[in-house]
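Biologist: I would like a close look at one part of this model. Please keep it short and plain, and start with the whole chain before you zoom in.

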Amino acid sequence: MSRVKHRLPDRAAVLALVDARGQIAVRATPNASANAVALPAEGAARVLSIRTTITPEDGKANGRAG
């Protein structure tokens, strides 16, 4: 059985999303059909999209960190 290869965004493109406080905004989407990490579309909000096939714990996938 072959190993699944995940395509990740370019490191520099991800680092360009870092704000003045050193944080990256992330939107997690559980129960997706496939795992994926995607950069925002040009002109869209600067939010890194993470899609995962995992079911969220206690129904929560997104929240604000401290």
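Modeller: The model is predicted: local features need pLDDT of at least 70, side-chain atom pairs count only at pLDDT 80 or more, and totals for chains, interfaces and linings use all residues. Residues are numbered from 1 along each chain as its sequence is written, and side-chain values use heavy atoms, with hydrogens and water left out.

A contact here means heavy atoms within 4.5 Å.

Now the whole chain. It holds 1 helix and 3 strands. Read from the N terminus, the order is α-β-β-β. Both kinds of element are DSSP runs, numbered from the N terminus: helices are H or I with at least four residues, strands are E with at least two. Buried residues make up 8% of the 66 residues. Buried means under 20% relative accessible area, exposed means over 50%, and partly exposed lies in between (1.4 Å probe, protein chains only). The chain exposes about 5800 Å², and carbon and sulfur atoms supply 52% of that. Such areas come from the Shrake-Rupley method with a 1.4 Å probe; for residues, only the protein chains shown count as cover.

Now the strands. Two strands pair if DSSP finds at least two bridges between them. Strand E1 covers residues 26–29, and strand E3 covers residues 48–51. E1 and E3 pair in the parallel sense, over 4 bridges. Strand E2, residues 36–38, also joins E3, through 3 bridges, and that pair runs antiparallel.

Start with E1. Val26 sits in this strand. Its bridge partner in E3 is Leu48. Val26 counts as partly exposed because its relative accessibility is 45%. Follow the chain on to Leu39, 13 residues away from Val26: the two C-alpha atoms are separated by 9.9 Å.

Next, E2. Val37 has Ile50 as its bridge partner in E3. Ala36 also lies in E2. At 32% relative accessibility, Ala36 is partly exposed too. Leave out residues up to four places away in sequence, and Ala36 touches Ser49, Ile50 and Arg51. Take Ile50: 14 residues separate it from Ala36 in sequence, yet the C-alpha atoms are 5.9 Å apart.
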